[in-house]
Amino acid sequence: MDLSEQISQLESDLEEVKNLLEKSERKRVQDVLSQEQKKIEAEITSKQQQKEKQDANKTVQASTTSKGYTVKINNYGWDQSDNFVKIYVTLKGVHKIPAENVETSFTERSFVLLVKDLDGKNHQMTVNNLLCPINVEDSCRKVKTDMVLVMCKKKSQKKWECLTQVEKQTKEKEKPSFDENADPSEGLMSMLKKIYTEGDDEMKRTINKAWTESQEKRARGEDMDF
């Protein structure tokens with residue numbers, strides 16, 4: 001059973017549950033039916049999103065010409081306004097090919113750009129897992145001199161930290177972790193150990209000298225100054 005049939009079956013189930021809910025008089029029965037209604041509605045939404053993505057992929061596959069071969073677009077720039085996230089793709093001569101050769105398809109969290117028959121090749125860019133949902137109907141592409149501008153319409157005016165969820169997760173992993181309850185001296189010692197391990201002989205002699213002097217000052221009850 002394909003996704004369209006599954007959605008159709010779920011919609012029929014939903015209609016029947018709604019009818020039963022209207023006719024029921026017992027609160028316990030109504031609660032059970034209401035829960036089932038929400039469950040079916042969530043499943044329909046999920047299936048519809050799957051179908052959107054499947055349809056987008058089919059559109060790209062169907063529109064890919066047999067002429068030439070397809071290369072992946074990896075280089076791009078992006079910025080944003082309050083209403084749009086803008087992706088800039090540089091392709092020399094793209095403004096000279098027929099406008100219908102530049103195609104885009106969107107879902108709430110992805111888009112595909114396909115440029116057909118440019119210098120004997122097809123060029124394709126696929127971006128999945130956009131950071132935030134976009135408005136599919138109001139998203140579009142514009143062809144400019146040697147460039148394609150993909151405009152993803154934001155559903156809210158929230159500022160995006162990055163383009164995709166994957167980029168956000170990568171940035172979060174790269175952030176150093178700080179323990180507010182940790183002893184500051186332990187952090188200093190860890191840093192000195194790292195510098196000592198990675199440093200050259202001159203750096204090691206400098207650290208050794210500073211460490212010796214600090215221990216002598218500690219013994220005399222003076223403050224450390226390194």
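Colleague: Among contacts in the chain between residues at least 6 apart in sequence, what percentage joins residues at least 24 apart?

Modeller: This is a predicted model, in which local features need pLDDT of at least 70 and side-chain atom pairs count only at pLDDT 80 or more, while totals for chains, interfaces and linings use all residues. Residues are numbered from 1 along each chain as its sequence is written, and side-chain values use heavy atoms, leaving out hydrogens and water. With contact taken as heavy atoms within 4.5 Å, the share of these contacts that joins residues at least 24 apart is 60%.

Colleague: How many helices and strands make up the secondary structure of the chain?

Modeller: Helices (H or I, at least four residues) and strands (E, at least two) are DSSP runs, numbered from the N terminus. Read in that direction, the elements run α-α-β-β-β-β-β-β-β-β-α-α-α. The chain therefore comes to five helices and eight strands.

Colleague: What percentage of the 226 residues counts as buried?

Modeller: The accessible surface of the chain, from the Shrake-Rupley method with a 1.4 Å probe and, for residues, only the protein chains shown as cover, comes to about 15,800 Å², and 47% of that belongs to carbon and sulfur atoms. A residue is buried under 20% relative accessible area, exposed over 50% and partly exposed in between (1.4 Å probe, protein chains only). Of the 226 residues, the buried share is 27%.

Colleague: Is A56 buried or exposed?

Modeller: A56 has its place in helix α2, and, not counting residues up to four places away in sequence, A56 touches S105 and T107. A56 and S110 are 54 residues apart in sequence, yet their C-alpha atoms are 9.5 Å apart in space. Because its relative accessibility is 9%, A56 counts as buried.

Colleague: Which residues is I97 in contact with, leaving aside its neighbours within four places in sequence?

Modeller: I97 is found in the loop between β3 (84-90) and β4, and at 15% relative accessibility I97 counts as buried. From I97 to L118 there are 21 residues in sequence and 7.0 Å in space, C-alpha to C-alpha. Leaving aside those neighbours, I97 is in contact with V102, V115, K116, D117 and L118.

Colleague: How many residues apart are E108 and K155, the pair that links distant parts of the chain?

Modeller: E108 and K155 form a salt bridge, with their closest N and O atoms 2.4 Å apart; the term means a side-chain nitrogen of Lys or Arg within 4 Å of a carboxyl oxygen of Asp or Glu. E108 lies in the loop between β4 (102-107) and β5 (110-118), and K155 lies in the loop between β8 (147-154) and α3 (165-174), so the pair links distant parts of the chain, the separation being 47 residues.

Colleague: Which helix holds both K51 and D55?

Modeller: The side chains of K51 and D55 meet in a salt bridge (3.0 Å, N to O), which is one of five in the structure. K51 is partly exposed at a relative accessible area of 24%, and D55 is also partly exposed, at 31%. The two residues are four apart, about one turn of the helix, and both lie in α2.
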